[in-house]
Amino acid sequence: MAKNKLENIQDCEDFIQGCLFMGTGGGGFPQLGLDMFKKALDDGVSLEWVDINDIPDDVWSVTPYGMGSIAPMTQETKDEIKQLNLVESDEDISMVKAIKELEDHIKHPIGCIVSAELGASNAPLPIIAGARLGIPVVDGDYAGRAIPDEMQGTPFLYGKNSWPFASVDNWGNVVIAKKIANAHMLERIGKMLSIAAYSFTMIAGTPLPAGEMKEILVPGTLTKCLKIGQAIRYAKEQGKDPIQAALAISEGWKLFEGTITKKEWEDRNGYLFGAVEICGKNEYQDQVLKVWFKNENHVSWLNGKPWICSPDLLTLVDKESGSGTINTFTQEGDHIVAVGMKGLEGFRTEFGLNKASGPRYFGFDIEYVPIEELVIK
């Protein structure tokens, strides 16, 4: 069985850097991912993933992920949690419990774990959960990026149910959702559970025989994240441009460079909504880029005209370090480089754009134009 393994903390840091680059501003917090990796390494578990072809078609797969807003927690919320005398457990423990709860419910042993998305904590969590349970994690995910909704994942795109699901929050509350009307209600119910949990809940869902999982997996993305992170580190060690090194691996483009001059945000319905405005620098002097996000970046305007939009990827990267940013933490004065990559072809269909991932899905009357047509003249 071919394996790719995170041998040490440097490997884990590289992997998280790659997830940040592909995460388009969401996907969880890097420090959380790194802390969980450190604890797993200290506990002696083996952090690895396997090739899709090494998974037998008849085993059952499950997808564990965190659901909730990435907005900063207010002091009012912290005070309310304290008043309720809630005792917090670790996220990876909650995720392991969610997988076990789902396994008990569906009465099939789980033989494979699949990541829902690429993110700085939402990709490490399944790897750690698989390691703690002794269940192989497949090299791939269901989005090729980080996403805010169930509808931007390939299970929805290709008509696979992501229920039943088990939800376990960090306070130990367990919910089994046996039947859901549709993917939109799954997203709504999951978000309501995360709001009740004051932040996040760990969910195990999308139980599928591996044969069906292979039909919708975006393969090789965990290895891709590791390679991107390594390329960033190697470039910095050699005094080269880490962003260009990452773009060579991701087959992406530099889109813009400038300083964030305005940021607006709100925590609403379990999501972080907002936008940043970036005033151009160097070759982009006197230009303005605006980026709208729903947890992740999805719609942009260059000099007031619609530009790069989902399903294509747009990540804001720190100019000096080459590290992808999280929308929770970006602030006015940050010097960033906007980078872009092609999204999945399946989401460029009429159904994919209008019902799942395009600008109109997110409420904007904008005609989607593929990124390669916008950047290659």
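This is a predicted model: local features need pLDDT of at least 70, side-chain atom pairs count only at pLDDT 80 or more; totals for chains, interfaces and linings use all residues.
## Contacts along the chain

Residues are numbered from 1 along each chain as its sequence is written, and side-chain values use heavy atoms, with hydrogens and water left out.

## Overall form

The protein chain contains 12 helices and 16 strands; these are DSSP runs numbered from the N terminus, helices being H or I with at least four residues and strands E with at least two. Along the principal axes, the C-alpha trace spans about 60 × 45 × 45 Å.

## Burial and cores

Of the 377 residues, 57% are buried, meaning under 20% relative accessible area (1.4 Å probe, protein chains only). A nonpolar core is a set of buried Ala, Val, Leu, Ile, Met, Phe, Trp, Tyr and Cys residues joined through side-chain atoms within 4.5 Å. The largest one has 72 residues, and Phe15, Phe21, Phe37, Leu47 and Ile278 have the most contacts inside it. Helix H1 (residues 9–22) gives the most to this core, seven residues. Apart from it lies another core of 15 residues, including Met151, Ala183, Ala356 and Ile366.

Leaving aside residues up to four places away in sequence, Ile278 touches Phe256, Gly258, Thr259, Ile260, Gln287, Val288, Leu289, Val291, Leu316 and Ile336.

Methods:
Buried means under 20% relative accessible area, exposed over 50%, partly exposed in between (1.4 Å probe, protein chains only). Contact means heavy atoms within 4.5 Å.
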